[in-house]
Structures are given as structure tokens and as C-alpha cells.
Amino acid sequence: MIPLNPDTLTGRENYKLLSGSIIPRPVAFVTTLSSEGVLNGAPFSYFSIVASEPPLLSISVQRVDGMSKDTARNAMEQKAFVVHITDEDNVGAVNVTASRLSPEESEITLAGLTPIQSTKIAVPGVTEAKIRMECVLERAIPLGGTESEPACDLLIGRVVQYHLSEEAYQNTYVIADNLRPVSRLAGNNYAKLGEQFTLQRPQ
């Protein structure tokens, strides 16, 4: 084994180790609405389930020089956002939304995605995802870095409405083969679902 002390590594080196080791990571495509009415969209692989009762999701939005990105700022201002599951059909467009635009520009427009009004929140989603989840902001937690310049905003969202395509949801189950989700690896690399296997959990 090669021992490495994270305290002696640069932030970039720690990032490369973490993003290369913690794989595969599902990719959340998140839409938010600015106070000026601009629909923002961005992908995040620092994304997971927090709880199921009530249904809670986490999105970690890394800051830039201590400043919150559009997604975090909009989510905190509007108290809502939409999480979409990135799949083989929409990953190209989702990747385009990673472009650095000014807050006045919409990544949704740039990527040619189609907005759709949400049911329970003011923030629209996009139609190109087989699964989207309307979320209200449960909590936003600044973490990492220093007290004056946190490294990220951890957004905890409570799902208030699901939208699932008929092909991806059958008999109370999400059909992974039909969803065709993609996952983030290191660098510019992604992975498809791949081979599946089953293990019975211990009693």
C-alpha cells in the first residue's frame, strides 16, 4: 500500500484521489431559478440520498474562491430546486450545462433543453430526463475551507414531487435497464450501468 497524508497534499491532489476512488458516482442535473427569473442548470456528482422518511437528497456545490455558485445561491434564495437523473440520452446536453456562464445567461438555453413547469414548486425542470424530483430546500450548510471562506454549500432537499417516465417506472420499481443512468468517474470519464449482480443481504 502507498501511504498518503491528505494534510500534505494540495487541494487538487486530494480532489483527484477522491474523484478517482469514489466511483461510480450518479450525476444529478439540477435546475434552479434566479431572482431575475433566469433558469439555471448544472450537473453535480457529489450527490446522494440522505433519508427516505421524508425523502431527502444531498447536493454538494463547490464554491469558487469562497463564493457560492449560481445553483447554491439560487436554491438558497428560492428555497427550491429540481433534481434530474442523468442518463445516456441526456448526458451530452447535461455536459454542455457545465459551461461557465454569467448569472444572466441560461445553461438550459445553451444546451437546447426543454423547460417544463413543476407541479409544487416555482422552479421548472426539463423534459429530457426520465426521472426528475421537485425539491424544497430543507437546509443549506457551508462546509470545508475556513469559516470566512467555506469550500462548499451542502444542499439538503426534500422531495415533494416525483416525475417518472412510464418506461423507467413499473410496478413501484425503477427499471434500471430502461433508465440507462450514467455515472461520473475521474477526469472527463463517465460509465454506463454495466453488468449487474445480486447478493442476498444477511438476516
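# Report on local features of the predicted model

Asparagine 171 is exposed, as its relative accessible area is 69% (buried means under 20%, exposed over 50%, partly exposed in between, with a 1.4 Å probe and protein chains only). The model is predicted, so local features need pLDDT of at least 70 and side-chain atom pairs count only at pLDDT 80 or more, while totals for chains, interfaces and linings use all residues. Residues are numbered from 1 along each chain as its sequence is written, and side-chain values use heavy atoms, with hydrogens and water left out.

## Backbone features

Asparagine 171 lies in the loop between strands β11 (169-170) and β12 (173-174); helices (H or I, at least four residues) and strands (E, at least two) are DSSP runs, numbered from the N terminus. Threonine 172 is found in the loop between β11 and β12, and with a relative accessible area of 62% it is exposed. Most residues other than glycine have a negative phi, and most peptide bonds are trans.

| Residue | Phi | Position |
|---|---|---|
| Lysine 79 | about 65° | just after α2 |
| Asparagine 171 | about 55° | loop between β11 and β12 |
| Threonine 172 | about 75° | loop between β11 and β12 |

Cis peptide bonds also occur. One joins isoleucine 23 and proline 24, with omega about -10°; proline 24 is in the loop between α1 (11-21) and β1. Another joins glutamate 53 and proline 54, with omega about 0°, and proline 54 lies in the loop between β4 (47-52) and β5.

Arginine 25 belongs to strand β1 (residues 25-26). Arginine 25 is buried but has no salt bridge, and glutamate 13, the nearest side chain of opposite charge, is 18 Å away. A salt bridge is a side-chain nitrogen of Lys or Arg within 4 Å of a carboxyl oxygen of Asp or Glu; Lys and Arg count as positive, Asp and Glu as negative, and His and the chain ends are not counted.

The side chain of arginine 25 does reach backbone oxygens: that of serine 19 at 2.8 Å, and that of leucine 185, which lies 3.3 Å from a polar atom of the arginine 25 side chain. Leaving aside residues up to four places away in sequence, arginine 25 touches several residues, including Ser45, Tyr46 and Ser183 (contact means heavy atoms within 4.5 Å).

Alanine 186 lies in the loop between β13 (183-184) and β14 (190-191). Its relative accessible area is 29%, so alanine 186 is partly exposed. The C-alpha atoms of alanine 186 and arginine 25 are 9.7 Å apart, although 161 residues separate them along the chain.

## Interior and surface

Helix α2 (residues 70-78) has Asp70, Thr71, Ala72, Asn74 and Ala75 as its buried residues. Their cover includes β2 (28-33), β3 (39-44), β5 (55-62), β6 (80-85), β9 (131-143) and β10.

Valine 82 lies in β6 and counts as buried because its relative accessibility is 0%. Residues up to four places away in sequence aside, the contacts of valine 82 include Phe29, Ile121, Val123 and Met133. The C-alpha atom of valine 82 is separated by 9.8 Å from that of tyrosine 162, 80 residues apart along the chain.

Leucine 164 is in strand β10 (residues 152-164) and counts as partly exposed because its relative accessibility is 32%.

Notes: Polar contact = N/O pair within 3.5 Å; in protein donor to acceptor, adjacent residues only side chain to side chain.
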